[in-house]
Amino acid sequence: MAGEAERLRRELEEVTERYRSYLDGTSDGIYRVEMTTPVPVDLPLDEQVRLFYRNAVVAEANDVMARMYGLPGATALVGKRVLELHGTDTDPANLEAQAAFIANGYRADGVETVESGLTGDVRHFLNSGFGVVRDGCLVRVWGTQVDVTERRRQEEGLRTASLSDPLTALPTCALLLDRIGQNLARARRTPGSTTALVAIGLEGLDSLERRSGPAGVDEVVREASRRLAALVRPTDTLARLPDGFALLLTEVREPEDALRVAERALERLRLPFAVAGSEGLAPSAGIATLGGGYGDASALLADAMAARDRARREGGGGTALFDVGVHFRAVARLELEAGLRAALSLGQLELVFEPAVSLVTGRVAGFCAVPRWRHPSKGLLPADEWLPLAEASGQALPITRWILAEACRQASAWNPPGRVADAVWLRAPVPAAALADPAFADVVSEALTASSLRPSLLRLAVEEPALPRAGTSAAGRVARLGVRLSLVRFGRGGLDPAEILDSGVDDLVLDPSLTARLGGNGREELLVAAILSFARALGLPVTAVDVDSVAQVEWLRSRGAAAIRGQLAGGIVTGPQAALLAGTVAPFLLPRG
């Protein structure tokens with residue numbers, strides 16, 4: 001036993017010697033902090049931080065650690081409270097560092113603290129370490145510390161240099177963006193506060209450089225900065241841009257206030273410069289106003305510069321105001337367009353169906369395919385909100401291909417082999433751009449072939465602007481397909497009977513606004529009756545949409561309407577539900593005798 005004890009003693013001495021050697025040889029500060037009263041780890045985070053400052057005391061350290069605080073050796077550091085080293089328990093950076101240490105399971109890896117307690121000189125340290133938890137309480141912290149004060153001072157010097165333009169001593173674009181960001185945060189906190197950014201350019205500096213050299217350009221830029229500086233209030237910021245200047249105006253009550261400042265700036269820049277060859281310089285200004293809607297500072301700067309460039313293109317010497325409403329609508333449109341490009345591959349598009357009930361048989365005679373986009377952040381979007389965008393962005397044909405393929409696939413389930421007399425038709429929307437595409441006929445043929453759906457059961461729904469004109473290639477393609485053509489939103493005017501007949505239209509779908517007129521005054525009902533009479537004269541069956549009352553049904557049936565859609569006919573249903581409803585008798589109708 002004595003021999004074993006001696007062996008353990010020697011091993012302990014060796015470990016202690018290696019530990020002391022490491023403490024003395026490393027360039028990092030090493031420390032052990034003890035809690036005079038253990039801190040329960042189940043307390044709220046801010047309470048743990050408060051108790052840490054109250055109880056944390058340096059129990060062990062190396063000399064390197066002590067010298068970081070201007071002390072001669074480790075013994076002078078032992079016994080100091082952490083609060084003494086930090087100088088305060090309210091510094092936001094230190095509170096954040098302590099909170100991160102606790103939230104990370106009492107571990108830190110390069111967490112920065114700012115300390116000034118012992119010397120009054122602000123020092124920056126990077127701390128790494130771990131806490132020891134026993135019986136549900138933090139009892140000690142082991143850690144290492146690196147002094148990065150000089151590095152931070154150098155970085156600050158470089159940052160300061162990058163924020164000041166060497167030619168004019170004005171703030172640079174980097175500092176301007178920081179100021180805009182501060183105003184953006186203020187606008188979010190205080191609705192109604194307005195900031196305006198005026199971007200100012202001098203057209204002709206390139207020509208001036210060729211005539212007078214870089215020194216001439218520099219002199220004009222310096223003089224221009226002096227003239228503009230006279231317009232700046234204490235709360236405003238005049239900055240140098242790579243191709244001009246920017247004036248950030250705070251607390252602007254109306255956009256007209258910014259316009260007046262911009263005009264005064266241009267008046268000053270139109271005055272002659274004492275540099276030969278500068279007579280042809282033309283100043284321009286663009287204004288963008290900041291409410292609470294911009295997402296980042298660079299967007300406001302980009303918009304002001306875009307407005308300035310527009311003013312320059314319009315002849316120079318003037319001011320243009322950026323339309324923020326147009327900006328946000330454009331941004332939203334671009335975001336929606338980008339999402340739409342991925343919607344197909346991500347499986348975000350879906351089809352539902354709206355039953356059409358025949359007013360002759362009383363049965364569900366067909367379905368209208370209704371595409372929807374299940375947007376990941378905006379929720380379920382109806383086709384009216386994105387199908388026009390698909391046309392404008394060149395995505396009409398791929399999306400139409402999917403709509404037709406999926407709709408025909410599901411429609412084939414409604415029409416099993418042998419179902420002829422009471423076959424159920426399908427009406428699918430076709431954007432104008434898709435209908436006019438030379439590949440459209442192939443797209444329809446592919447959908448019909450893949451689904452085995454009879455062409456006569458497919459009705460292509462088009463609006464008046466897309467209606468094929470007689471003799472056009474689009475009309476010929478539709479005729480050769482063997483499918484039917486439905487003119488939707490009929491009754492808004494614009495087409496004469498000859499155009500409708502020449503287009504090869506097989507049936508008409510009333511505009512929803514016409515159904516809304518039923519049940520109102522007699523004059524409005526006369527208008528709808530006249531439209532139905534016009535359709536009968538053409539020999540074209542008519543479907544009324546958004547029908548929601550039996551009274552409307554009876555009125556439409558008495559005037560020769562062929563079918564209805566709407567809540568009364570079943571509303572929106574899924575594909576499987578459509579398969580169950582196909583050919584069934586609507587509960588509110590009986591077949592005509």
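Is C137 buried or exposed, and what is the relative accessible area of C137? C137 is buried, with a relative accessible area of 18%, where buried means under 20% relative accessible area, exposed over 50% and partly exposed in between, using a 1.4 Å probe and protein chains only. C368 is likewise buried, at a relative accessible area of 10%.

Before going further, a word on the basis. This is a predicted model, in which local features need pLDDT of at least 70 and side-chain atom pairs count only at pLDDT 80 or more, while totals for chains, interfaces and linings use all residues. Residues are numbered from 1 along each chain as its sequence is written, and side-chain values use heavy atoms, with hydrogens and water left out.

To stay with cysteines for a moment: a disulfide is a covalent bond between the sulfur atoms of two cysteines. A search of the whole structure, taking a disulfide as a pair of cysteine sulfur atoms within 2.5 Å, finds zero.

I turn to the helices, which are DSSP runs of H or I with at least four residues, numbered from the N terminus, strands being runs of E with at least two. Helix α2 (residues 45-55) packs against helix α6 (residues 92-103) at an angle of about 110 degrees, their axes 10 Å apart. Axes here are lines fitted to C-alpha atoms, for helices over the stretch in contact, and angles run from 0 to 180 degrees between N-to-C directions. α2 is therefore roughly perpendicular to α6; angles of 65 to 115 degrees count as such, those under 35 as roughly parallel, those over 145 as roughly antiparallel, and the rest as oblique. From α2, L45, Q48, V49, F52 and Y53 make the contact, and from α6, N94, L95, Q98, A99, I102 and A103, contact meaning heavy atoms within 4.5 Å.

In a second pair, the axes of α9 (residues 205-229) and α10 (residues 255-270) come within 10 Å and cross at roughly 140 degrees. A224, R227 and L228 of α9 meet A265, R268 and L269 of α10.

Helix α14 has 19 residues, 396-414, and should span 27 Å at 1.5 Å a residue, the expected span being 1.5 Å times one less than the number of residues. Its end C-alpha atoms are 27 Å apart, which agrees. Among the buried residues of α14 are I399, I403, A407 and W414.

Finally, L518 lies in the loop between α19 (512-515) and α20 (522-538). L518 is buried, with a relative accessible area of 10%. Leaving aside neighbours within four places in sequence, L518 is in contact with E525, V528, Q552, W555 and L556.
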